[in-house]
Amino acid sequence: MTASAPETPPSDYRILVPREWFHVDLTQDRWRGQLKTYVDREFAGSRTASDVSRNVWVSLRNMVEKGLARGALEFFLCTEVPGGAGLEPASLLISWPPVRRGAAPTAEEFASAFSERKGPGCDVDVIDMPAGRTVRIRTVTTIDYHVRIPGEAGFLHLAFSIPLSGTESPMGNLCDAMAHSLRWVPGTEADLDMDGR
């Protein structure tokens, strides 16, 4: 019996995100300007005080900066309530936390580590998605998908936040569909870094 050939890490990923979701490319230095454009657009013509828009900008900026420390690549935002001035947008933060190739745990080991730290109202399970074995962590307002990357290259993290309608809602169902749309772009042995945009 011969051993199976190791999987080759992908060169990139693809995910379907609705057109109305605002995209911020975190691999470029201009992400602050893109985020400011989103906030300005959401508050244009609003009677909301300027300090509210500034607080939203600071909150989103802080979220991105924390994400960048953990390998964030892209940030998507969607205002759930028309005319809601973007106070609490739904969001998707995509990250690839750095892991030494071959050192990533299995999805089951990863889920076990999360289960030991989970609090009340948090469900952790391992599911099969088209992109591979995935650790899904669900709370009332967040869904995190840690999708194992082929070739033992770690996990791609899809962090959905749905602060207004929560995860048990049409928006939660949409986020689940977005996560299930994830596909890998085949790579070669030379493609060890997906962050090549």
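Helices (H or I, at least four residues) and strands (E, at least two) are taken here as DSSP runs, numbered from the N terminus. The model is a predicted one, in which local features need pLDDT of at least 70 and side-chain atom pairs count only at pLDDT 80 or more, while totals for chains, interfaces and linings use all residues. Residues are numbered from 1 along each chain as its sequence is written, and side-chain values use heavy atoms, with hydrogens and water left out.

**Exercise 1. The chain as a whole**

Task: State how many helices and strands the chain has, and in what pattern they follow along the sequence.

Solution: The chain has four helices and nine strands. Read along the sequence, they give the pattern β-β-α-α-β-β-α-β-β-β-β-α-β. For burial, the relative accessible area is used, with buried meaning under 20%, exposed over 50% and partly exposed in between (1.4 Å probe, protein chains only); of the 197 residues, 44% count as buried. With contact defined as heavy atoms within 4.5 Å, 62% of the contacts in the chain between residues at least 6 apart in sequence join residues at least 24 apart.

**Exercise 2. Aromatic pairs**

Task: Determine how many aromatic pairs a search of the whole structure finds, and classify the pair of phenylalanine 22 and tyrosine 38.

Solution: Rings of Phe, Tyr and Trp (its six-membered ring) pair if their centres lie within 6.5 Å, and planes under 30 degrees apart count as stacked, over 60 as edge-to-face and the rest as tilted. The search finds three such pairs. Phenylalanine 22 and tyrosine 38 form a tilted pair, at 5.4 Å centre to centre and with 50° between the planes. Because phenylalanine 22 belongs to strand β2 (residues 22–25) and tyrosine 38 to helix α1 (residues 31–43), the pair ties together parts that are 16 residues apart in sequence. Phenylalanine 22 is buried at a relative accessible area of 14%, and tyrosine 38 is buried at 1%.

Phenylalanine 110 and phenylalanine 155 form a stacked pair, with 4.4 Å centre to centre and 20° between the planes. This pair links distant parts of the chain, since phenylalanine 110 lies in helix α3 (residues 107–117) and phenylalanine 155 in strand β8 (residues 155–161), 45 residues apart. Phenylalanine 155 is buried, with a relative accessible area of 6%.

**Exercise 3. The packing of α1 and α2**

Solution: Two packed helices are described by the angle between their axes and the distance between the axes. Among the residues making the contact are Trp31, Leu35 and Tyr38 of α1, and Val56, Trp57 and Leu60 of α2.

**Exercise 4. The surroundings of histidine 23**

Task: Decide whether histidine 23 is buried, exposed or partly exposed, and list its contacts beyond its neighbours within four places in sequence.

Solution: Histidine 23 lies in strand β2 and, at 35% relative accessibility, counts as partly exposed. Leaving aside neighbours within four places in sequence, histidine 23 is in contact with Glu74, Phe75 and Phe76. Histidine 23 and leucine 92 are 69 residues apart in sequence, and 9.5 Å separate them in space, C-alpha to C-alpha.
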